[in-house]
Structures are given as C-alpha cells and as structure tokens.
Amino acid sequence: MEEEEEGSMKWNFKGDEIMKKASSWTIRTILKTLIANLKGADDPTRPVIQLAHGDPSVFPSFRPSKVLEDGLIEAVQSAKFNCYGPSNGIPQARRAVAEYLSKNQQLEVSVDDVHLTAGGRHAIDVLLTALAHPGANILLPKPGYPFYEARATFSRLEIRHYDLLGEQAWEVDLHHVETLADKSTVAIVITNPGNPCGNVYTYEHLQKIAETARKHGFLVIADEAYANLDFGSTPFVSMQHFGSIVPVLSLGSLSKRWMLPGWRVGWIVITDPNGILQKYGILDSIKSCLDISPDPATCIQAAIPKILNIPEDFYSRTLHLLREAVDISYDRLREIPCFTCPYKPGGGMFIMVKLNLSLLEGIIDDMDFCLKLAGEESVTLLPGVAMGLKNWLRLTFAVELSSLQDGLQRIRAFCLRHEKKL
Ligand SMILES: *Cc1c(COP(=O)(O)O)cnc(C)c1O
C-alpha cells in the first residue's frame, strides 16, 4: 500500500488506555528504569546487587532441593502428563495441596475447595475478576504489593487504600478500614506474612480483621504467598481459621516457600463453611473465570505431591538463612543516619526503611535516591512510591549472604557520601 493511502486509511481497532494505567502500577515497570540506570553492569570487580525485587531462586544458597527437580523429571518421563488437565487442576495435585494445608495449619481443607492457578498472580487475576462488578470497590493495604492495584485498575474495581501501621508491627488500621467501607465494598486484601513490610499477624489481629469484614459485609482475600516463611516471635496463622466468621479466599504459591517462581503454580483456597459465596454467586464466578483462563502446565501439577512432601530440613534451612539475613539487614540499616526501620520483619523476604531526606544533600525523593544509588553503587532498591508509600524504600534480604553484606556496605557508603554537611 502507498504511504499516502496508509495515512488516510481508518482501521477499526485501537489500544485501551486502561492497560497502560494498569501496567504503570507494576514493579516490573519501575525495575526497567532502575536497571537502565545501572552503570557497573559490565564491571566484574563490582557486580550488580539487586535488592529491589525478591527472587532468591537465582542464588546458590537458595538453590531448590534436588527432590523438587526429581519430582518434575519423573512426571515428564512417565509420559502420563502430556495431556490437557481440568480447568481447576489435576485431582492428585489439588488433593496434595488440601492435605498439605490441613496438616500444616491444623485445618480441614477439602479437595473441592482447592483450585490450582498459573502462579499466585493468576490467583489474584481470577479473584479480582470474579469480584469486579460496576460500582464495586476493594480495600487494599498501603503499602502493598502493587499487582493488586494493577489488576483492580484493569477490572475497573475502585481502589480504596487503608493504612498499615508501621509503629504497630504493620497491623491493619481497622479504624481507617471502618471509615472507608461502604455498601459497595466487596473485599479487603491482607498480605500475611507481608510484602513489603514483613509483618506476621497474630491470631487476635486476624480475628479482628474477620469481625470487621463481617460487620460491613465484605469478604477477606488472604494473600498467603509467604505462608510459613515466618522466623520471628509471632508464628504464621492462616486466615482460613476464621472462615466461619467471614468467607475467606486465600492464595498460595510455589514461588516463595519452595522458591520455584518460574514453575508458575499457585492455588486459591475457598474457606466458607456457611456457604455464603455459593449463595451470592461468587463461587460460580470463580469457577467460570478458571474455565476461561489458562491452567498451569500439567506435568508441573503432577510434581506437586512430591514437592509438598519434601523433607522438613529444606524448610528449616531456608528459615535459618532468612533469619540470619534479616538480623544483618536490620542491624546495618539502623546504623545509617538517614534511615528509620520501625519494624524488624518477622516473615517474608522484605524490609521497609523510611528515608529522612532532610539529612541528605541533593536527593529529592525515594525514586531519585534509587536511581542515583543504582548509578553510583550498582545496587537496586525499590522506591516506596511503587508500593504507595513515598520516601520509603523496600529491600529484599533473600539474597546470597555475601551479596547482602556487600550491598549494605555500598548503601551505607552512598548515604554517607550524600549526607548533608552541617
Ligand atoms: C510473589 C507474590 C505473589 C505470587 O507470585 P507468583 O510469582 O505469581 O506466584 C502474590 N502475592 C504477593 C504478595 C507476592 O509477593
């Protein structure tokens, strides 16, 4: 076709702005900018240290156990799992998840309540899609895991942010929740153990959240992607224990405890002994949503029974590594004058640090801090704006210990170099 003709030709399709708006929330978008700013990427004496996002699977200390690899190899070699699977997962994998959760949390999880998804993010996709209806709103934590904002924006669910209280172990500000909720509030999302805060909620606090949700008539989405990655004094308790107070939709994933994010398997567990979700059509919506979305690879599902029955020492080794890493991070970060750490994480892979800009020269905000840090020290941190909390920083401590120590040293050097001279 001639160029002149192309200009006057009118096609019938066009991109939707909502996509751009939704993706602007994702961590990936910010990481791209930070990575573009890394200068030392090709200097072998000064390797890049990525503390902005959590993926310990790339480090030798966190290498997934051979048992997990064998599970997949066996599944592939059996030639029994080259087939399509049912839309909510193959029965033996769902049963393995139900048994694992029942044993792990002293619950009675039925196989019918477990639905497999292509990773935790797909579980979020399904839940928010099933809940979105015109005019509905959802309560999301601030700071939070921004994929929820992205997905809610995409589904045109109105977002209302409730505060987490940094001085109170990042608990949910329930008074704030009460002021935000109305007749159109469909759900509250809680992340426990938390990303980005490393919070681990007590049984009592979870119960209060459940009671508040019941009072206002919305359900609880419990993001338990970091379930059992708790290493502090408060043990992890699943929100599933409160299903008789309020319907609970919880999600889990192989990405964190088993450190297999690339295998893309997660699950939704429905805890609703009173059958409320069935009555209000949400259960059918979730099932329909699973029917029209892609499922995890069948051979990986087939490996799940083996994965979830891995010997205990795999778990204790990870916790030992994380405990050591959080101790070092918390101590070192607190020594840096322009940082405040209100809370030492009791779980998860991240710590939040507040930036005191008045002690720094020539740094305008958290994003500026992260860009300059990447440029000068080849270290990445995630700016708080990405999680809704400006002038904070998120650091992952789930990295090789030697890299963590090197990274903390460079952060310290950077802060001292940019300190305001009095
Ligand atoms: C990592 C994560 C998930 C799930 O991630 P997948 O990699 O998709 O399994 C869900 N919620 C939170 C808070 C996470 O950090």
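This is a predicted model: local features need pLDDT of at least 70, side-chain atom pairs count only at pLDDT 80 or more; totals for chains, interfaces and linings use all residues.
A salt bridge is a side-chain nitrogen of Lys or Arg within 4 Å of a carboxyl oxygen of Asp or Glu.

**The interface.** Next, display the residues where the domains meet: 37 residues of domain 1 are in contact with 37 residues of domain 2. About 3,200 Å² is buried between domain 1 and domain 2, and carbon and sulfur atoms give 69% of that area. Now select Trp 25, Tyr 315 and Tyr 343 in domain 1, which lose the most area to domain 2 and together make up 20% of what that side buries.

**Polar links.** Proceed to Arg 63 and Glu 69 and show their side chains. The two residues form a salt bridge, with the closest N and O atoms 2.9 Å apart. Between domain 1 and domain 2 the count is one salt bridge, while ten residue pairs are in polar contact there.

**The side of domain 1 that touches domain 2.** Finally, highlight the helices α2 (17–23), α3 (27–36) and α14 (313–334), then the strands β11 (350–355) and β14 (392–396); each supplies at least two residues of this side. Which element gives the most to it? Helix α14 does, with seven residues. By residue class, this side of domain 1 divides into 24 nonpolar, seven polar and six charged residues.

How values were computed
Residues are numbered from 1 along each chain as its sequence is written. Side-chain values use heavy atoms; hydrogens and water are left out. Contact means heavy atoms within 4.5 Å. Buried area is the accessible area (1.4 Å probe) that two parts lose on being put together, summed over both. A polar contact is a pair of N or O atoms within 3.5 Å; within protein, one must be able to donate a hydrogen and the other to accept it, and residues adjacent in sequence count only if both atoms are side-chain atoms. Helices (H or I, at least four residues) and strands (E, at least two) are DSSP runs, numbered from the N terminus. Ala, Val, Leu, Ile, Met, Phe, Trp, Tyr, Cys and Pro count as nonpolar, Asp, Glu, Lys and Arg as charged, and the others, Gly among them, as polar.
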